[in-house]
Amino acid sequence: MRRHKHEGRRWKRYILVASILCGALYFTEARYRFFRMQNIEITPGNVIPEEVIWQALPKNVEDFWPLLFFCESGFEKRVMDYYPVSVDIAVEGWGRYRVDVAPLDIFLAVSWNSEHWWLSSNGRMWRATLPAGAIVKGVTFPNRPILAWDSRMPVPLDPEQQRCDIYTSSLPMAKIARWYDTIDRIGWKNDIYCLMAKKIEGRQMVHIMLGGPDRITGELVVKDDASDWLSLAAALENIYPSASGGVPQGLVINATYTNMTFTVLEKGKM
């Protein structure tokens with residue numbers, strides 16, 4: 001019985017001491033603002049307006065700076081869901097943070113759902129008309145043929161992100177990168193206006209359109225596996241040595257057969 005009384009007095013003393021310490025800490029904080037945020041350094045400072053960063057901060061973080069340390073992923077997400085940038089935050093000292101902001105590296109222009117989109121190298125996707133995209137400074141635009149994503153292909157966006165402006169793309173990034181790397185190696189890039197990913201008889205194909213937006217001069221339909229494209233290009237160069245992109249004007253070449261043969265038709269007769 002005495003033991004229980006002794007332990008009870010000891011716990012009361014602990015509670016009393018803790019209360020005194022908490023009270024002293026509260027008084028010190030109220031008087032000296034010890035936990036008040038001192039500074040946020042945004043580097044570089046011209047990618048997006050500073051108010052975007054401040055508006056994304058958690059509530060009460062200016063009065064209690066450690067809060068941001070525990071909420072940093074949510075803070076970064078609030079910025080990256082609505083602006084085409086990458087954000088990384090780090091503690092620089094007591095009450096001080098550094099926020100690194102960089103524009104997303106745009107890999108391609110994508111045409112889908114009757115709209116133009118931008119696709120970044122890390123698989124993020126947003127409308128080309130997004131007002132927030134025009135605010136971001138330092139963006140560079142690629143010199144690559146546009147990718148048209150047919151409506152019969154799988155939806156290229158994560159459907160769970162409907163409330164965001166910057167989506168996670170579900171496009172097969174590695175495969176698409178091989179398409180563009182291969183046409184660079186072949187030397188066709190400047191001859192191609194558009195690569196269209198589509199389905200023909202249930203199989204996924206790539207429809208390469210040569211020329212420009214005002215006039216398609218020739219077309220080449222190939223398998224979506226780019227491993228045969230180099231040998232196909234060499235064969236076409238032997239047959240049509242003076243043709244841009246290996247396809248004479250007005251012709252459509254279907255090279256989707258498994259035995260490496262291809263057919264040649266006039267446009268409109270395929």
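Q: Where is Glu-219 placed?
A: Strands here are DSSP runs of E with at least two residues, helices are H or I runs of at least four, and both are numbered from the N terminus. Glu-219 sits in strand β11, residues 215-223. Keep in mind that this is a predicted model, where local features need pLDDT of at least 70, side-chain atom pairs count only at pLDDT 80 or more, and totals for chains, interfaces and linings use all residues. Residues are numbered from 1 along each chain as its sequence is written, and side-chain values use heavy atoms, with hydrogens and water left out.

Q: Is Glu-219 buried or exposed, and what is its relative accessible area?
A: Buried means under 20% relative accessible area, exposed means over 50%, and partly exposed is in between, using a 1.4 Å probe and protein chains only. Glu-219 comes out at 14%, so it is buried.

Q: With which side chain does Glu-219 make a polar contact?
A: A polar contact is a pair of N or O atoms within 3.5 Å; within protein, one must be able to donate a hydrogen and the other to accept it, and residues adjacent in sequence count only if both atoms are side-chain atoms. For Glu-219, the partner is the side chain of His-207, at 2.6 Å. Contact in general means heavy atoms within 4.5 Å. Leaving aside neighbours within four places in sequence, Glu-219 has contacts that include Val-247, Leu-251 and Lys-267.

Q: What about Lys-223: which side chain does a polar contact join to it?
A: Lys-223 is also found in β11, and it is buried, with a relative accessible area of 19%. Its side chain pairs up with that of Asp-228 at 2.8 Å. Not counting residues up to four places away in sequence, Lys-223 touches Trp-229 and Tyr-257, among others.

Q: How do α6 and α7 cross, and at roughly what angle?
A: Two packed helices are described by the angle between their axes and the distance between the axes. Axes are lines fitted to C-alpha atoms, for helices over the stretch in contact, with angles running from 0 to 180 degrees between N-to-C directions. Here α6 (residues 173-186) and α7 (residues 229-239) have axes that come within 10 Å and cross at roughly 30°. Angles under 35 degrees count as roughly parallel, over 145 as roughly antiparallel, 65 to 115 as roughly perpendicular, and the rest as oblique. That's why α6 and α7 are called roughly parallel to each other.

Q: Which residues of α6 meet α7?
A: Trp-179, Thr-182, Ile-183, Arg-185 and Ile-186 in α6 meet Trp-229, Leu-230 and Ala-233 in α7.
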